[in-house]
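Keep the structure open beside you as you read.

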Amino acid sequence: MEWGSESAAVRRYRVGGERRVGSASSAQPHSEAPTLELGTDACGGSARTRKRSAAGSGGAGGAAWTGLSEARAALGLALYLLALRALVQLSLQQLVLRGAAGHHREFDARQARDYLEHITSFGPRTTGSPENEILTVHYLLEQIKLIEVQSNSLHKISVDVQRPTGSFSIDFLGGFTSYYDNITNVVVKLEPRDGAQHAVLANCHFDSVANSPGASDDAVSCSVMLEVLRVLSISSEALSHAVIFLFNGAEENVLQASHGFITQHPWANLIRAFINLEAAGVGGKELVFQTGPENPWLVQAYVSAAKHPFASVVAQEVFQSGVIPSDTDFRIYRDFGNIPGIDLAFIENGYIYHTKYDTADRILTDSIQRAGDNILAVLKYLATSDMLVSSSKYRHGNMVFFDVLGLFVIAYPSRVGCIINYMVVMAAVLYLGKKVLQPKHKVANYTKDFFCGFGITLISWFTSLVTVLIIAVFISLIGQSLSWYNHFYVSICLYGTAAVAKIIFIHTLAKRFYYVNASDQYLGELFFDISLFVHCGFLIALTYQGLCSAFISAVWVVFPLLTKFCVHKYFKQHGAEGKFIAFYFLGMFIPYLYSLYLIWAVFEMFTPILGRSGSEIPPDVVLASILAGCTMILSSYFINFIYLAKSTKKTMLTLTLVCAVTFLLVCSGTFFPYSSNPTSPKPKRVFLQHTTRTFHDLDGKVVKQDSGIWINGFDYTGMSHITPHIPEINHTIRAHCEENAPLCGFPWYLPVHFLNRKSWYLPASEVSPRETVHFRLVSKEQTPWDSVKLTFEASGPSHMSFYVRTHKGSTLSQWSLGNGTPVPSKGGDYFVFYSHGLQASAWQFWIEVQVLEEQPEGIVTVAIAAHYLSGEDKRSSQLDTLRDKFPDWTFPSGWVCTYNLYVF
């Protein structure tokens, strides 16, 4: 039986007879008469009757429209979406809108690439390592000196190497405190020969994470800045303000170097705005994903100056919501310097971000060229702008901004956006209100059908979400998570098809059992109105919340409404014929094209993150939810096609078959999550820490000591894919939490323990680094306010972590770190991240414990972990042996560390 066929129950109530209706009916002597439907209201109402037209409205010349062909509708819609996706892909591949510059006075990507290759040739550059503190710093100073020699006499260049020491607290990763000593900043000031009172800052960082060359994060940005400095310095155009270039050497140490500069450097007082260059991926386009706070003039500066714009207020609001577990120097300049700025980052190919694959050869020259063109143009614009002098006058207000396929940026004040949004809402209300204000006998049915249809739509979306979540949970439980990580199309075939099939199924049931005798055209219009109503609701809600991203909902209301006005008359006369479909698709072109553009950015950013989001968040559940949401958005204005089509049976069967086959293949393990493909690697990240742990009691005696390689796999699959290759890493060596020790008694480098609760501890020999850690209690004193002040001294390698847990009856009231107020991490323990440059004196600090009730087991437990991230101390023979056993589709990052715990 066809899904659209009439039920026997309805046929029993059909009233026979034929009737001629107007001139069109005269050509159809055997046309079906209007019929009465007697049935129960599916929304809970009583029995009612309803007229139905004969197979739809009559067409030209009296030909009756008999419904939209299922194959035609499905094929047309699929080709339409594929064409839009191709346009999006084309725009993303077009990195520059003209050829790479080659003129001596223009940005030259080839010169910037030369800088990049020199910096990355030094290898990983962790703070405190000779590669970072000596080799890279010397190279930067040499290049800056050469640039100074070639500079135009109109400009003056000043260079300073800063070695700051300081401390601050931050609420990133659940909250912790940072302390740094003698880290390195290379600062260059380019200003008019007579000096300047105001400046714009450009910031990059030349350090990298351990075991990664850090080409994209962030050596390429420093290379771009060197070339921008060269071009500006030889320019014959005078600058009105100074441009300060900060090459900071400790960003990967959680933003320490930028804090040292903005809070301590004398030039910091000149800065009125900044541009921060970052990376969350390797190459591609650099996205403006944060601006402000407020200061809309900065967005206008980017809009006016950038040659290859790529910017989105949506990215800004998503990033600032905290959904993405990352942060940049933007936060430091904003929070500690009270300076507005622009944050840019490369976002493509985040799979190899912070891995050994982040090499210079993977960054396209065109990516460097577009970034350089943009940064040079914006810096030049700001350095000659009168607004920089009196930026405080223009500080209030936010901006709605978004690029159109990288061609240009649309930007307007958020208050103007509110007015536009509410005007759009009024237009939609007037349109829908006209439907409601029809004669009474028509309104009753329309209103009831509208709200029932709205309910059906919500049910279809809810059941669609529930369906994909059930599949995702099952896939996670059987150990096949991340099957789509290396094959993204698998997620579309598994979760996307399930979501679409469920939506079609629910609406097909509604069409068959509730809207039995309603005109297809009537239902098509009805569900168009419902989709319009839903988007209008989102527009009101987002605008009320003050979100600039509300412009997307406005687009989803304006263009469909205009399309409706254009095709309504034709649709009434001819039904859903080819010409109607063509005009309908054309009218929906802008909202669907822009939404696919945004959806690409969402998946480009989130998919790699799900491969490093820890063991506690099921990635399939997250991705399935995102795909279900995207399906709801993209299906909204095509739901009416379900009611216009003669049948949906073949479409549903096809979608179900694709989903079922993909499901079976995923369950059988056909799709392996990771890849070592040299052209497009997608490695599994594993952290190996060869550590020796020593636990002391209240009397200072050693009560426990062990050594092992502590293993963390920072994705949901844990070691399930590793065990077949390295049998000794299995469930029998799962690490157990030391309940009485802060952060479970393990040497966490950062406080991410809440993201990763599954780890493994493989017994190994004791480590013996040459630079041992020294930790001692300097003094213990009772304060007049009945607290105990403990002063400690520590010395060791460039990176150490300090942990504190107070005992029952005690609280940590203050300390000499940060602003003096202790900031707890998630779980209640306290975490301090310490680093130093090449040379540093012993780290001395104090904590003050308020004792409410004396306990025999002491008042506080502290622990210190020393991390050896560079030099010979970072390696051990057992660590190297284990690392060599890992398959080539992994990225095992390892180092040596020690852990010492004390009770006081």
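Cys 659 is buried, with a relative accessible area of 11%; here buried means under 20% relative accessible area, exposed means over 50%, and partly exposed is in between, using a 1.4 Å probe and protein chains only. You're looking at a predicted model, in which local features need pLDDT of at least 70 and side-chain atom pairs count only at pLDDT 80 or more, while totals for chains, interfaces and linings use all residues. Residues are numbered from 1 along each chain as its sequence is written, and side-chain values use heavy atoms, with hydrogens and water left out.

How many disulfides does a search of the whole structure find? It turns up two. Let's start with Cys 204 and Cys 222, whose sulfur atoms sit 2.3 Å apart. This pair links distant parts of the chain, 18 residues apart: Cys 204 belongs to strand S7 (residues 199–205) and Cys 222 to helix H6 (residues 215–234). Those labels come from DSSP runs numbered from the N terminus, with helices (H or I) of at least four residues and strands (E) of at least two. The link of Cys 204 and Cys 222 is right-handed, with 105° about the S-S bond. Both ends are tucked away: Cys 204 is buried at 1% relative accessible area, and Cys 222 is buried at 0%.

Now go to Cys 737 and Cys 744, joined by a disulfide with an S to S distance of 2.0 Å. Here the link is left-handed, at -85° about the S-S bond. Cys 737 is partly exposed, with 34% relative accessible area, and Cys 744 is partly exposed too, with 28%. Cys 418, on the other hand, is in no disulfide; its nearest cysteine sulfur belongs to Cys 548, 7.9 Å away. At 29% relative accessibility, Cys 418 also counts as partly exposed.

On to the aromatics. The count comes to 70 aromatic pairs, where rings of Phe, Tyr and Trp (its six-membered ring) pair if their centres lie within 6.5 Å; planes under 30 degrees apart count as stacked, over 60 as edge-to-face and the rest as tilted. One of them is the edge-to-face pair of Phe 310 and Tyr 597, with 6.3 Å centre to centre and 65° between the planes. Phe 310 is in the loop between helix H8 (296–305) and helix H9 (313–320), and Tyr 597 is in helix H18 (residues 589–609), so this pair links parts of the chain 287 residues apart. Both Phe 310 and Tyr 597 are buried.

Why does the pair of Phe 402 and Phe 551 count as stacked? Because the ring centres are 4.1 Å apart and the planes are at 5°. Phe 402 lies in strand S12 (residues 399–404) and Phe 551 in helix H16 (residues 551–574), so the pair ties together parts that are 149 residues apart in sequence. Both Phe 402 and Phe 551 are buried.

Ring pairs also link up a cluster, including Tyr 80, Phe 528, Trp 556 and Phe 641.

Last stop: charges over rings. The charged end of Arg 693 sits over the ring of Tyr 761, 4.9 Å from its centre. Likewise, the charged end of Arg 734 sits over the ring of Trp 760, 5.4 Å from its centre. The rule asks for NZ of Lys or CZ of Arg within 6 Å of the ring centre and within 35 degrees of the ring normal.

Conventions
Disulfide = S-S within 2.5 Å.
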